[in-house]
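Me: I have a structure open and would like to learn how its labels are decided. Could you take my questions in turn?

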Amino acid sequence: MFPKIALDPILAADTGGTIIKLGVVQNGTVLAGKSIPAQSDRPLAERLPVIAGVWRELCREAGVAPRDCAGIGISFPSIMNPVTGRILTHFGKYVDAMEIDFKRWAKDLFGLPLTIENDARAALIGEWQYGAGRNCDNLVMITLGTGLGSAALINGHPLRGKHGQAAILGGHSTLNHAGAICRVCGNIGCAENEASTASLPLHAKSMTGFEQSLLAREATIDYMAVFRLAALGDRVCRQLRDQSLGVWGAFAANLVLAYDPERVLIGGGISASDEVIGAIREYIHQHALTPWGKVAVERAGLGDDAALLGCEWLGRNTTPAATLP
Ligand SMILES: [Zn+2]
């Protein structure tokens with residue numbers, strides 16, 4: 001057995017819509033970390049100096065100099081060109097992000113190479129390296145939350161595609177061809193539009209009997225309330241629960257058929273209950289054709305830290321355009 005070699009640390013940032021998690025990360029451990037408000041309704045250019053300042057502060061805390069780090073990995077909630085790292089669309093957050101040359105910024109700032117990656121793909125990479133996806137080079141990960149996220153790893157390579165959008169738009173594939181137009185992408189009957197925390201209140205309120213349902217008396221209509229009240233026998237909640245489990249099962253099964261994984265990981269705020277994991281597993285085993293055997297279906301292991309830890313791998317595996325003059 002060879003001794004474990006300590007690799008140079010990586011500067012990591014998981015840029016979400018609400019908070020930005022920053023860290024100095026090494027061998028799957030956050031040596032120093034801090035979260036700051038995202039202010040994603042403001043230009044990102046205003047936030048970059050703050051991010052740089054926090055990284056410097058974290059480096060001091062961890063006892064390393066920024067120039068001694070091996071690179072920078074950033075997780076970002078959008079689609080980006082896999083080579084240039086330029087953001088292709090903004091989804092209403094950080095609307096100036098498409099104008100920013102992140103690789104140039106990193107080079108000028110610390111002289112370090114940078115990789116910026118879609119947040120769902122970064123989370124999959126984190127799980128692959130340090131979480132429930134370890135020792136498995138063919139993975140699909142889905143996240144069930146405000147939206148539905150997805151990403152795939154094939155033969156040890158995160159699947160990106162020509163324009164960076166391969167496998168990450170699974171939540172926007174049609175599950176109901178007679179469904180509503182999706183407010184995010186414009187497609188019809190997207191998985192995300194059929195069953196996600198964002199679409200749940202609208203679905204609930206349109207159901208027959210909603211006013212008489214226990215759900216109508218809840219301050220917040222979310223899946224925690226739906227599952228709790230369904231267990232008490234509320235008819236509307238049972239219907240919503242069963243419909244949603246069906247959507248998530250079909251969503252995951254479609255990804256199994258598309259990407260041929262050995263293991264499917266389920267993450268996100270809604271994935272906490274065994275009922276959800278069990279229902280998706282059963283759906284896949286019943287409906288997705290896998291003549292070689294059964295796909296393992298498991299809960300993701302790293303929770304909110306998955307993308308930040310994925311940034312370590314990204315910071316070590318920078319794309320060719322990182323070699324700027
Ligand atoms: Zn959509």
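Me: How many nonpolar, polar and charged residues are in the lining of the largest cavity?

Reply: The lining has seven nonpolar residues, one polar residue and no charged ones. The lining residues are Ala13, Thr15, Leu44, Leu48, Ile51, Ile74, Phe76 and Phe102. Two or more of the residues come from each of β1 (10-15), α1 (48-62) and β4 (71-76).

Before we go on, a word on where this comes from: the model is predicted, local features need pLDDT of at least 70, side-chain atom pairs count only at pLDDT 80 or more, and totals for chains, interfaces and linings use all residues. Residues are numbered from 1 along each chain as its sequence is written, and side-chain values use heavy atoms, with hydrogens and water left out.

Me: What makes something a cavity and something else a pocket?

Reply: Both are searched on a 1 Å grid over the protein atoms alone: in a cavity a 1.4 Å probe fits but cannot get out, while a pocket is an open set with protein on both sides within 12 Å along at least five of seven lines. Lining residues have an atom within 4 Å of a point. Points are joined across faces, edges and corners, and the volume is the space filled by probe spheres set on them. Here the search finds three cavities of 30 Å³ or more, and the largest cavity has a volume of about 40 Å³. The largest pocket holds about 1400 Å³.

Me: Which residues lie nearest the centre of the largest pocket?

Reply: Pro77, Asp119, Thr143, Thr146 and Gly147 do, out of 43 lining residues. By class, that lining divides into 17 nonpolar, 17 polar and nine charged residues. The helix α3 gives the most, with four residues. Helices like this one are DSSP runs of H or I with at least four residues, strands are runs of E with at least two, and both are numbered from the N terminus. The protein has nine helices and 10 strands.

Me: Why is the site of the zinc ion called tetrahedral?

Reply: Start with the donors, which are N, O and S atoms within 2.8 Å of the metal (3.2 Å for Na, K and Ca); water is not among the atoms, so sites may look incomplete. His172 (ND1), Cys182 (SG), Cys185 (SG) and Cys190 (SG) coordinate the zinc ion at 2.0 to 2.4 Å. Four donors count as tetrahedral if all angles lie between 85 and 135 degrees. The angles here are 97 to 121°, and the site is tetrahedral. Along the chain, the donors follow the spacing H-x9-C-x2-C-x4-C.

Me: What makes α9 largely enclosed?

Reply: Of its 11 residues, 10 are buried, so α9 is largely enclosed by the rest of the structure. Among the buried ones are Leu308, Glu312 and Trp313. In the whole protein, buried residues make up 51% of the 325 residues.

Me: What is remarked on in the phi of tyrosine 94 and of asparagine 155?

Reply: Most residues other than glycine have a negative phi. Tyrosine 94 has a positive phi of about 45°, and asparagine 155 has a positive phi of about 50°; neither is a glycine. Tyrosine 94 is in the loop between β4 and α2 (102-110), and with 0% relative accessible area it is buried. Asparagine 155 is in the loop between β7 (148-154) and β8 (157-158), and at 57% it counts as exposed.

Me: How do you know that the radius of gyration agrees with a compact globule?

Reply: The radius is taken over C-alpha atoms, and the globule rule is 2.2 Å times the number of residues to the power 0.38. For 325 residues a compact globule would be near 20 Å, and the protein has 20 Å, so the two agree. The C-alpha trace spans about 60 × 45 × 35 Å along its principal axes.

Methods. Tetrahedral: all angles 85-135°; square planar, octahedral: opposite > 155°, others 65-115°. Nonpolar A, V, L, I, M, F, W, Y, C, P; charged D, E, K, R; others polar. Buried < 20%, exposed > 50% of the residue type's maximum accessible area, 1.4 Å probe, protein only.
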